[in-house]
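Trainee: Hey, could you walk me through this one? I'd like to go slowly.

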Amino acid sequence: MKNKIDNLNATSLTSSHPVECEAPNDQVATEGLIASNLKYMVLGILFGIVFVKAEIISWYRIQEMFRLHSIFMYGVIGIAVVVGMISVWMIKRFQIKTLQKEKVIFHDKKFHWGNVIGASIFGLGWALTGACPGPLFAQIGSGFLVVSVTLVSAIAGTWVYGLVRNRLPH
Amino acid sequence: MLEIIRQPWPWYVAGTLIGLTVPALLLIGNKHFGVSSSLRHICAACIPGNISFFKYDWKKEAWNLFFVAGILVGGIVATQFLSNPDPIVVAAETTKDLQALNIDVDHELMPASIFSVENLFTLKGLIFFVIGGFLVGFGTRYAGGCTSGHAIMGLSTLQWPSLVATCWFMVGGFAMVHVVFPWIMSLVG
């Protein structure tokens, strides 16, 4: 166990990415901080509109899902996974390059016990707040300003994880 | 056209668009879909402390912060300009279950009996906002991702640890709604 944690730490020091960054930037070409990042903001705006318009950010939708009273969220996630899988398959099969003509990079995830323990903890919070991290931002945008407190608390939760990380089973 | 957009969008439209976010991010700039990482970048940018987990070049990952800022703006746009004039439709059985727990199903996306500013400094607020948010932030990072990073991006790239995580997300959710939640509501209801 200790070796495993040392390995994790070693990666964090040597890699240009934060260790196990699950949403890494794999682009080789460097980007300006503001101008080239604005396109991700546009994508985020579209994404946020979908969240609100399909009522995915609704606390009730999450309740329906976990009470098995509606297939709505299962349908959303199911279709998203299928579309994502086909897209990834096509990118690999036809070796589609990024806009900067770079090869698309994929990472294999390694199992660790956080996939069980951390995932259950998140599940509890998801059902309670009615939001995963994405919808938190969209809920605030929709005028539920009190959710800012939830967001700050989620940031605090992430920070505490960073603090106690080496003492948790992985 | 605007009439159609104003109606709640069906699950297959939403699911397809969310799924397309995966190739969109990959092809625009080799970026991997995952929202909870933004919380970590905020820590790294604002309060890294002396914690190695937050010592990295967050500016390289700043695209993620722009993405979540966009989600917030998208929430404003959709609510201000494209909102559905009709009350939200909630499954009859869920409505009944919630009423039994003293939660009124009202017209908005979120029940006002929980998500209102008046509850901020009450036990209800502490549980739903502070503890709930903490569980989300701590849990996602410990799990190594959330619904986007594991359930959508991870499953799209056939990562079995993501399948494990997704299953345990659901276990946690079911446990909250069916076991912990009734107890919480008896405490604060």
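Trainee: Okay, what pattern does chain A follow, read along the sequence?

Mentor: Read that way, chain A goes α-α-α-α-α-α-α. It has seven helices and zero strands. Helices (H or I, at least four residues) and strands (E, at least two) are DSSP runs, numbered from the N terminus. Before we go on, this is a predicted model, where local features need pLDDT of at least 70, side-chain atom pairs count only at pLDDT 80 or more, and totals for chains, interfaces and linings use all residues. Residues are numbered from 1 along each chain as its sequence is written, while chains are lettered from A and ligands numbered from 1 in the order in which they are written.

Trainee: How much of chain A counts as buried?

Mentor: Of its 170 residues, 52% do. A residue is buried if 20 or more other C-beta atoms lie within 10 Å of its own, exposed if 12 or fewer, and partly exposed in between, with C-beta atoms placed from the backbone.

Trainee: And how many residues of chain A are in contact with chain B?

Mentor: 115 residues of chain A are in contact with 119 residues of chain B. Two residues are in contact if their C-beta atoms, placed from the backbone, lie within 7 Å.

Trainee: Which helix gives the largest share of chain A's side?

Mentor: That's α2(A), with 16 residues. By class, the side of chain A that touches chain B has 67 nonpolar, 35 polar and 13 charged residues. Ala, Val, Leu, Ile, Met, Phe, Trp, Tyr, Cys and Pro count as nonpolar, Asp, Glu, Lys and Arg as charged, and the others, Gly among them, as polar.

Trainee: Switching to chain B, how far does α2(B) reach?

Mentor: Helix α2 of chain B, residues 11-29, has 19 residues and reaches 28 Å from its first C-alpha to its last. That is close to the 27 Å expected at 1.5 Å a residue, where the expected span is 1.5 Å times one less than the number of residues.

Trainee: Which residues of α2(B) are buried, and what covers them?

Mentor: The buried ones include B:W11, B:A14, B:L17, B:I18 and B:L25. Their cover includes α2 (38-53) and α4 (72-93) of chain A, along with α4 (63-81) and α7 (147-156) of chain B.

Trainee: What follows α2(B)?

Mentor: B:N30 does, and its phi is positive, near 55°.

Trainee: Back to B:A14, what is it in contact with?

Mentor: Leaving aside neighbours within four places in sequence, B:A14 is in contact with A:V50, A:A54, A:I56, A:V76 and B:W9. In the largest nonpolar core, which has 103 residues, B:A14 is one of those that touch the most other members, together with A:F51, A:V76, A:F122 and B:I152. A nonpolar core is a set of buried Ala, Val, Leu, Ile, Met, Phe, Trp, Tyr and Cys residues joined through C-beta atoms within 7 Å. Helix α2(A) gives the most to that core, with nine residues.

Trainee: Why is α3(B) largely enclosed by the rest of the structure?

Mentor: Eight of the ten residues of α3(B), residues 37-46, are buried, so the helix is largely enclosed. What covers its buried residues includes α6 and α7 of chain A, together with α4 and α6 (123-143) of chain B.

Trainee: How do the axes of α7(A) and α3(B) cross?

Mentor: They come within 9 Å and cross at roughly 75°. Axes here are lines fitted to C-alpha atoms, for helices over the stretch in contact, and angles run from 0 to 180 degrees between N-to-C directions. The two helices are therefore roughly perpendicular; that label covers 65 to 115 degrees, with under 35 roughly parallel, over 145 roughly antiparallel and the rest oblique. The contact is made by A:A154, A:I155, A:T158, A:W159 and A:G162 of α7(A) and B:L39, B:R40, B:I42 and B:C43 of α3(B).

Trainee: New topic: is A:K101 buried or exposed?

Mentor: A:K101 is exposed, with 7 other C-beta atoms within 10 Å. It lies in the loop between α4 and α5 of chain A, and its phi is near 65°, a positive value in a residue other than glycine.

Trainee: And B:I114, buried or exposed?

Mentor: B:I114 is buried, with 22 other C-beta atoms within 10 Å. Its place is in the loop between α5 and α6 of chain B.
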